[in-house]
Structures are given as structure tokens and as C-alpha cells.
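Visitor: Could you walk me through how to read the aromatic pairs and the interface here? I'd like the general idea, then the case at hand.
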Amino acid sequence: MYRYNKQEVDSVYDKDLEKILDGLGLLNKFKSGKLKCKFCHDTISLNNLHSFFPEAGKIRFICDKSNCVKELYYLLRENKISL
Amino acid sequence: MNILIELLKYLSGPVAIIITILILLIKYPEKVEKWISILLRFFHIITRKGGRAFTAFDIQGRINEFSKFLKNELPSFNQIGIRVHWITEKETPSEFISKNRLVIRMREHPNQNKNFVNASMIFISKALLTKVKKYLSKSQKESIDLFIAKKLFDKEKPAVKDQFFDDYFSIKALSSDRIMQLIEKYNIIDKVGLFYPVLIQELNFLGEKIFYKQKSFSIVEDVKAFINFLVNYANRDVGEEKIPKNFEGVFCRCGIVIIARSSKVAVGDTKPFIHYIKKLLEHKLENIYLIGSAYKINKDFIDQISLEVQKDLNLSKYFSKIYNAQIKIHGVRIETKSYLVLLRSSEALRYYDKEYQKQFIKPIE
């Protein structure tokens, strides 16, 4: 058995994405292309969604462009986002 | 283990299988996760079911195995694994917001390489070797993450490596000269086998320290000098005397002693080395790395020095290891076995107060 701690990583499977977004009250915005990437402000879709997280009472989305993911890692390393 | 194998011979089939599985689960949980993921993959391909379980086990198995490898490379590594947790639609927006956690999107099976690369990068950036990265500059942190990720993906099949290089490595490394140069330096240090046992080990010790007055810039400069010292060491030709063989760090507080002078080794003359280590300790250096060839006579000589300094100089053996190194002989890299002993002072501090810092934490003349 494991003799060390495990870091939980919250994940959403593609098949569950719509249900999760519905639960968060964001499905309509997602379908109508109103959700934007926190960094580049591009429209978030099923093709480019990388991750999402809460910030200042809102839910922020990150697209999979390399610069946006790089910014996300910076926030993670600086402990501005938790896992 | 042999007793268990003998015992299994006398047990009936199903019982033996169950006991074998239990033993494997206890001894190699990461490998079991990987095997389960292979079974789940076939199940998923045939039935189109079990995609979540396959995705989770595959990522966990591969990353946890790498974490185990790191523990072998770096005894002080605080081993940590990963567990994929699927969020559910039952979570309300307020619950989700109050948890304040990142959620990674996992794609369906044909994109599993992308899932693995994304999850690994997030895990490495956030959870792995956090102490190591505590006092580093942005480019030092990023380059270490990228280099460690590269080593993780080097063990994987070409399609995964391609995914990593396309999505991360080439973009990040090419976007910054500093990062590229640092990665090149780690690569050279890694050739002589010192990336984990010396560079990362020392950064880990550094990350455990608390300074009365933290001068980030000075620490970053110190780390930079240490990296450059290791690069010079890694690039030196065997027998080359001009390149400094010892590093006396300001914040790193370590000394490296290369034990390879054949004349001293042949006659077993430990005195010059003991005298030099004593001098390093007078400067309050805390970690002494003895490095040399793993050739029996040299290894025995290093062990002899190690024993003598443990007895006389209040040092204790932290770990020792034989490792593969590509050393340079007449400009050509030759694969060889090297030996390293890390000795740690019993006076090693975690907190450096004002007086101590003023007296000792300054460049040694």
C-alpha cells in the first residue's frame, strides 16, 4: 500500500462537463459562447477548455493556449490557486 | 520473500492468486495501478465504458511510479503521489467556490496522452519538490519543472513525448533564453549524474531554511553560482586541475570535495582531505559531498574518509550512492560508475537568526 501522501487533483471528465456546468449555472453561457478565457479572453469551447477555478467569487476558465497555461502554472506555483 | 514463494507453492490456485495480488499491492502499488489501467483500457475500447476509471488509473500509475523513482534518486524527497478526484454535478456553485480548487478537464480516451501531460505538468508545478523551488527565481523554477517533466516523459512512449514537446517543452523553452540556458545546464549536470543527488538535494536543504532576513536576490545569485560550478565540474576533463573542485556557497552552505587524486588514494593518505573538510566546517558549511570514482580502491578510500570525519568532525552520513556518470576523458564522454557520500553536519540549522546571519552568512573570503 502507499506509504506517502497523495495530492488530490480535481478533474472533470468530458462526458460530465455539461452536467457540471449546469450544476454551476454556467451551461447556457458555455453553449452560447459567453465564457471567456481569464487570460486571453478567447471564447471557451469544448475544443479549447483546459481547466477552471474559483476566483473572487466567480468561476474563471482557462483555454489551452500555451501562454494561458503558462500563466496558470505561475499562479499555481505562487500559491494563488490550490489543488 | 523466498518463504512466501515456497508457501504459495502449497496453496490452492485462487488463494495463491489472491495472496500474490495482495503482496504486489503492498510492495508495488504504482505498478498495480498501471496494470489495472491497461486492463481498463481494453475494457473501455471494447465496451465504451469505464473511461473515467481508465483515465484516473493511467495517470495515477504513471505519475506515482515517477514519484517513487524520485524518492530513490533523492532520499530527502518528501514523496507525494497523485489521486484523480472526479467532481460531481451535486456540488453547488457556492460549495465549488468555497473549495477554491483548480479543476482540470480530462478528455475522452483518444486524447489520453494530452490528459497525462496536462495532469503531470500541473502536478509537477504545484505539488512536486515545493521546498526545492522555494527560494528560486521564476526562470529557475520553470526550468526545473520543465527539466523534471522532460525526464518523466523520456521514460514514456514516443507519442507522449511528442505531446509534451508540442504542448509545453518547445513553446516554453524557446520562449525564453534564460530557461533554455538553464535546461542546457541541468542537462550537462545530469550527464555526470549530479542533477538529483547534488543540485536538487542542495536546493531541498535550502528550501527547508528560514533566514532572519531573506535576500531573495542573493539566494538566486548563489543558486546561479552553484549551478555554474556544477556545470564546470560536469564539463571538466578527468585530471583537469584548473577548474575549481570545491564550492563554498553563501546560502547553499555546502562543500563539494572531489576525491580522485591517485597519489593520495594509492597511499591511503586521508589527512589532506580531512584537513580541508575541517576548514569547510569552520566556515559553517553544513553539507559535504564526497565525490569520486566508484572503482573499488577509490570507493574504499572515500568510505574511509567518510568514517574518519564522522568520528572526528561531528558529521553524519546522510546517504551514499553509486550512480552512472558520463565523465570526460580527452574531451570524449565515457560512461562510468561514480560514488557519492553526503555528510551532514549535526549543527545544520533550520533557522538563521540575525547574529548568526551577520557572522556567517556572507561570502567567505
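Guide: Start with a cluster in chain B: ring pairs tie together B:Phe66, B:Phe69, B:Phe147, B:Tyr186, B:Phe195 and B:Tyr196. Keep in mind that this is a predicted model.

Visitor: How is a pair of aromatic rings described?

Guide: You give the distance of the centres and the angle of the planes. Here the count over all chains is 18 aromatic pairs.

Visitor: Which charged residues lie over the faces of B:Phe69 and B:Phe116?

Guide: For B:Phe69, a member of that cluster, the residue is B:Lys155, at 3.9 Å from the ring centre. Over the face of B:Phe116 you'll find B:Arg62, at 3.9 Å from the ring centre.

Visitor: On to the interface. What is its size often given as?

Guide: Often as the accessible area lost when the parts come together. Chains A and B bury about 5200 Å² between them, with 55% of it on carbon and sulfur atoms. On the chain A side, A:Asp10, A:Tyr13 and A:Arg77 lose the most area to chain B, together 16% of what that side buries.

Visitor: How many residues are in contact?

Guide: 46 from chain A and 55 from chain B.

Visitor: And how many salt bridges are there between the two chains?

Guide: The count is 10. One joins the side chains of A:Asp10 and B:Arg101, at 2.9 Å from N to O.

Visitor: Which element gives the most to the chain A side?

Guide: That's S1(A), with nine residues. By class, the side of chain A that touches chain B has 21 nonpolar, 12 polar and 13 charged residues.

Methods. Residues numbered from 1 in each chain as written. Chains lettered and ligands numbered in written order. Predicted model: local features only at pLDDT ≥ 70, side-chain atom pairs only at ≥ 80, totals over all residues. Heavy atoms only, no water. Phe/Tyr/Trp six-rings, centres within 6.5 Å; stacked < 30°, edge-to-face > 60°. Lys NZ or Arg CZ within 6 Å of the ring centre and 35° of its normal. Contact = heavy atoms within 4.5 Å. Buried area = accessible area lost by both parts, 1.4 Å probe. Salt bridge = Lys/Arg side-chain N within 4 Å of Asp/Glu carboxyl O. Helix = DSSP H or I, 4+ residues; strand = E, 2+ residues; numbered from the N terminus. Nonpolar A, V, L, I, M, F, W, Y, C, P; charged D, E, K, R; others polar.
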